[in-house]
Amino acid sequence: MVIEINKNIDNYKESVVLGLSARQLVYSVLSVVAGGGIVLLLYRHVGLTVSTYIAIPVVAPIAMTGFYSYHGMTFVEMMKLKMHFAFANRTYTYVSTEGEQALQKLRQEEMQGQQKKKNKDGSGRSREKNETGNGFDKADFIKARNKMFRMLAITVLFIIIFAAFAVWYKYR
């Protein structure tokens with residue numbers, strides 16, 4: 001009797017059905033149901049090809065959630081991390097502690113830079129300080145977040161308009 005065991009026990013995954021793990025099986029069933037439902041609802045109105053193209057943006061994230069893994073992270077964890085790095089990451093600056101004169105000179109340069117920036121912006125907004133003393137602007141973060149939500153809404157609206165146009169084109 002021969003029992004095969006992976007050399008790296010950390011990579012072992014128990015298969016439930018057809019070599020798929022339970023997570024992969026659940027998300028593959030969900031993606032097939034979602035994609036099949038969209039295609040079955042739309043193929044009479046827009047044809048099989050167009051209904052398939054409409055279903056792909058819905059099915060792909062569902063399937064990726066079940067199958068994608070990067071450095072031990074799932075698709076959802078990876079996308080959360082990417083969104084954090086894109087919109088919530090603070091910048092850190094290096095401040096030399098080599099001498100009092102160097103620190104004073106650096107502070108003067110920073111003050112001049114901030115005054116120039118205020119004059120250039122014309123807004124005169126004050127920047128908040130975090131616990132390390134680095135300046136960051138919460139308004140910039142809120143603007144970036146709002147821009148992300150606007151782009152998401154525009155993308156969803158574009159998909160809906162595309163589906164409506166396909167239905168209109170089929171029945172004109």
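A crossing of two helices is left-handed if the near helix is turned anticlockwise from the far one by less than a right angle, and right-handed if clockwise. Here, H1 passes H2 in a right-handed crossing. What we have is a predicted model, where local features need pLDDT of at least 70, side-chain atom pairs count only at pLDDT 80 or more, and totals for chains, interfaces and linings use all residues. Residues are numbered from 1 along each chain as its sequence is written, and side-chain values use heavy atoms, with hydrogens and water left out.

| Item | Value |
|---|---|
| H1 | residues 22-46 |
| H2 | residues 48-67 |
| Angle between H1 and H2 | about 165° |
| Distance between the axes of H1 and H2 | 8 Å |

That angle makes H1 roughly antiparallel to H2 (the label for angles over 145 degrees). Sorted by class, their contact has 17 nonpolar, 8 polar and 1 charged residues.

Now zoom in on threonine 65, which belongs to helix H2. Is threonine 65 buried or exposed? Threonine 65 counts as buried because its relative accessibility is 9%, and buried means under 20%. Leaving out residues up to four places away in sequence, threonine 65 touches Arg23, Tyr27, Phe75 and Val76, where contact means heavy atoms within 4.5 Å.

Zooming back out, the protein has 5 helices and 4 strands, counted as DSSP runs (H or I, at least four residues, for helices; E, at least two, for strands). Their order along the sequence is α-α-β-β-α-α-β-β-α. Buried residues make up 14% of the 172 residues.

Definitions and conventions
Buried < 20%, exposed > 50% of the residue type's maximum accessible area, 1.4 Å probe, protein only. Axes fitted to C-alpha atoms, helices over the stretch in contact; angles between N-to-C directions. Parallel < 35°, antiparallel > 145°, perpendicular 65-115°, else oblique. Nonpolar A, V, L, I, M, F, W, Y, C, P; charged D, E, K, R; others polar.
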